[in-house]
Amino acid sequence: MKKITVLLAMVFVAAGVFAQTTYKVDKSHSKLGFSISHLMISEVEGQFGSFDATIVSSKDDFSDAKVELTADVNTVNTNVERRDGHLKSPDFFDAAKYPSITFKSTSFTKTGDKTYKLVGDLTMHGVTKSVTLDATLTGTAAGRDGKKIVAFKTTGTFNRVDFGVGKSGSSPGEEVTVIAKMEFAAQ
C-alpha cells in the first residue's frame with residue numbers, strides 16, 4: 001500500500017511540475033506596431049491589423065515562457081494607402097509570395113523583477129534569423145471569468161535588409177523598431 005501511495009504522490013508532483021498554461025492574445029486590447037526612419041530625419045509608424053500570438057508557461061513568473069506570433073503582411077497599415085501598397089509589393093514584403101511574418105521564441109530569460117530578454121526566430125520574406133527583444137511584464141489581472149490576464153510590452157530592433165525586405169541604402173531606413181503591446185488571457 002505504501003508503494004502505491006508513494007507512486008501516486010510522485011505522479012501528482014510530476015503533473016504539477018509539467019502543468020502549463022496557454023495564454024492567447026486579446027486582439028481588442030493589443031497592438032503590433034513598428035517604426036522606421038524616413039530620409040534619416042523622421043519616423044514613420046505602422047502596424048499590422050491582423051495577428052495572432054500565444055504564450056505557454058508552466059511558471060507564474062513566465063521565466064520558462066514560449067512565445068509564438070504570426071502577423072498577416074497584407075494588413076500592414078501606415079495610414080497612407082499608397083505607401084501600404086508599396087510595402088506589400090515585391091519591392092519590400094512581397095505579400096503575395098510571403099503573406100506572413102512569424103516569430104517563435106527560443107528563450108525567455110528573466111532579467112529583472114518584470115523584465116525579460118526574449119530571443120527567437122523571426123521569419124520574414126522567406127528568411128529566418130534570430131532576433132533579441134526586450135519584454136516587460138506590464139501587469140496581471142483577473143478576467144471576468146476569474147482566469148489570469150497578463151500584459152507585455154515588447155520592443156527591439158532589426159535590419160530589414162537582413163531579411164531581404166527592400167534594398168540597402170533605399171528609403172525608408174534599414175533599422176526597424178518593433179513595438180508590441182499585448183494582453184493575453186489564460187485559456
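**Close-up views of a predicted model**

**View 1. Threonine 78, tucked into a loop.** At 5% relative accessibility, threonine 78 counts as buried. This is a predicted model, and here we are looking at the loop between strand S6 (76–77) and H2, where threonine 78 sits. Its side chain makes a polar contact of 2.5 Å with the side chain of aspartate 84. Setting aside residues up to four places away in sequence, threonine 78 touches Phe34, Val44, Glu45, Gly46, Arg83, Asp84 and Leu87.

View 2. Is leucine 87 buried or exposed? With 13% relative accessibility, leucine 87 counts as buried. Leaving out neighbours within four places in sequence, leucine 87 is in contact with Val76, Thr78, Phe92, Phe93 and Asp94. Asparagine 77 is 10 residues away from leucine 87 along the chain, and their C-alpha atoms are separated by 9.3 Å.

**View 3. Strand S2 and its two partners.** S2 (residues 31–38) is mostly covered, with six of its eight residues buried. Which strands does S2 pair with? One is S11 (residues 175–186), joined to S2 by six bridges and running antiparallel; in this pairing, leucine 32 has alanine 180 as its bridge partner. The other is S3 (residues 42–48), again antiparallel and again over six bridges, with isoleucine 36 standing opposite valine 44. Have a look at the hairpin of S2 and S3 too: three residues lie between the strands, and leucine 39 takes a positive phi near 60°.

View 4. Lysine 27 belongs to the loop between strand S1 (21–25) and S2. With a relative accessible area of 48%, lysine 27 is partly exposed. Not counting residues up to four places away in sequence, lysine 27 touches Phe51 and Asp52. Phenylalanine 184 is 157 residues from lysine 27 along the chain, yet their C-alpha atoms are separated by 8.6 Å.

**View 5. Strand S5, a strand with two faces.** Follow the side chains along S5 (residues 66–72) and they alternate. S5 pairs with S4 (residues 51–57) in the antiparallel sense, over six bridges. Alanine 71 in S5 is the bridge partner of phenylalanine 51. S5 is also joined to S7 (residues 100–110) by five bridges, again antiparallel, and here leucine 69 stands opposite phenylalanine 103.

View 6. How many salt bridges does a search of the whole structure find? It turns up two. In one of them, glutamate 68 pairs with lysine 104, their closest N and O atoms being 3.9 Å apart. That links distant parts of the chain, with glutamate 68 in S5 and lysine 104 in S7, 36 residues apart. Glutamate 68, at 41% relative accessibility, counts as partly exposed, and lysine 104 is partly exposed as well, with a relative accessible area of 49%.

View 7. The side chains of lysine 117 and aspartate 134 meet in a salt bridge at 2.3 Å, N to O. Lysine 117 lies in S8 (residues 115–124) and aspartate 134 in S9 (residues 127–142), so this pair ties together parts that are 17 residues apart in sequence. Lysine 117 counts as partly exposed at 35% relative accessibility, and so does aspartate 134 at 36%.

**View 8. Arginine 160, buried without a salt bridge.** Arginine 160 is in the loop between strand S10 (148–159) and S11. Arginine 160 is buried but has no salt bridge. Its nearest side chain of opposite charge is glutamate 174, 5.3 Å away. What the side chain of arginine 160 does reach is the backbone oxygen of glycine 173, at 2.7 Å.

**View 9. Zooming out to the chain.** The protein chain has two helices and 11 strands, running α-β-β-β-β-β-β-α-β-β-β-β-β from the N terminus on. Of its 187 residues, 35% are buried. Among contacts between residues at least 6 apart in sequence, 53% join residues at least 24 apart. The chain exposes about 11,000 Å², and carbon and sulfur atoms supply 56% of it.

Definitions and conventions. Residues numbered from 1 in each chain as written. Predicted model: local features only at pLDDT ≥ 70, side-chain atom pairs only at ≥ 80, totals over all residues. Heavy atoms only, no water. Buried < 20%, exposed > 50% of the residue type's maximum accessible area, 1.4 Å probe, protein only. Helix = DSSP H or I, 4+ residues; strand = E, 2+ residues; numbered from the N terminus. Pairing = 2+ DSSP bridges. Contact = heavy atoms within 4.5 Å. Areas by Shrake-Rupley, 256 points an atom, 1.4 Å probe, with all protein chains shown as cover. Polar contact = N/O pair within 3.5 Å; in protein donor to acceptor, adjacent residues only side chain to side chain. Lys, Arg positive; Asp, Glu negative; His and termini not counted. Salt bridge = Lys/Arg side-chain N within 4 Å of Asp/Glu carboxyl O.
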